Amino acid sequence: MTRVIYNTATTLNGFLADDTDSLQWLFAVPGADDAENDFGDFLEGVGSLVMGSTTYEWILTHENVLEKPEAWTYQGKPSFVLSSRELPAVPGADIRFRSGDVSAAWDEIRDAAAGRDVWLVGGGDLVGQFADAGLLDEVRVSVAPVTLVSGRPLLPRRLESDRLRLESVRQAGQFAELVYAVRRSA
């Protein structure tokens with residue numbers, strides 16, 4: 001069965017990125033590479049991924065994939081970019097641009113996953129839209145020993161404890177990985 005999983009890193013006080021969409025705080029954490037060791041296993045279970053325009057633009061800029069398409073990390077996985085703006089495509093990558101309500105794109109996203117998981121790469125508002133639509137199954141968050149004064153919130157929605165159940169906690173280097181099952185809203 002296809003699950004929708006939000007897997008991300010956050011600061012101790014719940015920010016994905018700073019006000020300029022920088023992730024330098026994440027890369028500066030000692031042992032951050034070690035914390036990603038299990039990420040390959042997670043990615044093996046992913047059939048398709050979904051991201052918003054800010055996340056996609058960050059990848060384009062920081063990985064320079066328009067000039068070096070081979071640097072697109074998600075080759076072989078259909079990638080959906082949900083945006084109201086027109087954005088450039090990475091040559092040779094299976095990137096599908098969609099706009100509007102996430103529910104309208106859901107059947108195509110699920111079918112593209114071919115029975116495997118759907119990874120919500122980010123950002124937080126996009127994940128919130130999946131939660132609002134009752135399509136979010138799991139939140140995996142790696143909490144870094146960093147605080148920011150302000151920035152992009154982890155999940156700018158209110159999800160009460162009746163919808164979240166802690167499944168596991170583990171240490172990965174300097175990170176605490178928390179996995180929550182999300183009860184879909186009725």
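Mentor: Glutamate 177 is found in strand 10 (residues 175–182); helices (H or I, at least four residues) and strands (E, at least two) are DSSP runs, numbered from the N terminus. This is a predicted model, in which local features need pLDDT of at least 70 and side-chain atom pairs count only at pLDDT 80 or more, whereas totals for chains, interfaces and linings use all residues. Residues are numbered from 1 along each chain as its sequence is written, and side-chain values use heavy atoms, with hydrogens and water left out.

Trainee: Is glutamate 177 buried or exposed?

Mentor: Buried means under 20% relative accessible area, exposed over 50%, and partly exposed in between (1.4 Å probe, protein chains only). Glutamate 177 has a relative accessible area of 15%, so this residue is buried. Contact means heavy atoms within 4.5 Å. Leaving aside neighbours within four places in sequence, glutamate 177 touches Val141, Ser142, Ser168, Val169 and Arg170.

Trainee: Which residues of helix 4 are buried, and against which elements do they pack?

Mentor: In helix 4 (residues 53–63), the buried residues are Ser53, Thr55, Tyr56, Trp58, Ile59 and Leu60. They pack against helix 1 (24–27), strand 3 (46–52), strand 4 (79–82), strand 5 (95–98) and strand 6 (117–122). Just after helix 4, asparagine 64 takes a positive phi of about 50°.

Trainee: What does tryptophan 72 contact, leaving aside its neighbours within four places in sequence?

Mentor: Tryptophan 72 is in contact with Met51, Tyr56, Ile59, Val65, Ser79, Val90, Ala93 and Ile95.

Trainee: How many helices and strands does the protein chain have, and what share of its residues is buried?

Mentor: The protein chain has six helices and ten strands, and 47% of its 186 residues count as buried. Among contacts between residues at least 6 apart in sequence, 73% join residues at least 24 apart. Along its principal axes, the C-alpha trace spans about 40 × 35 × 30 Å.
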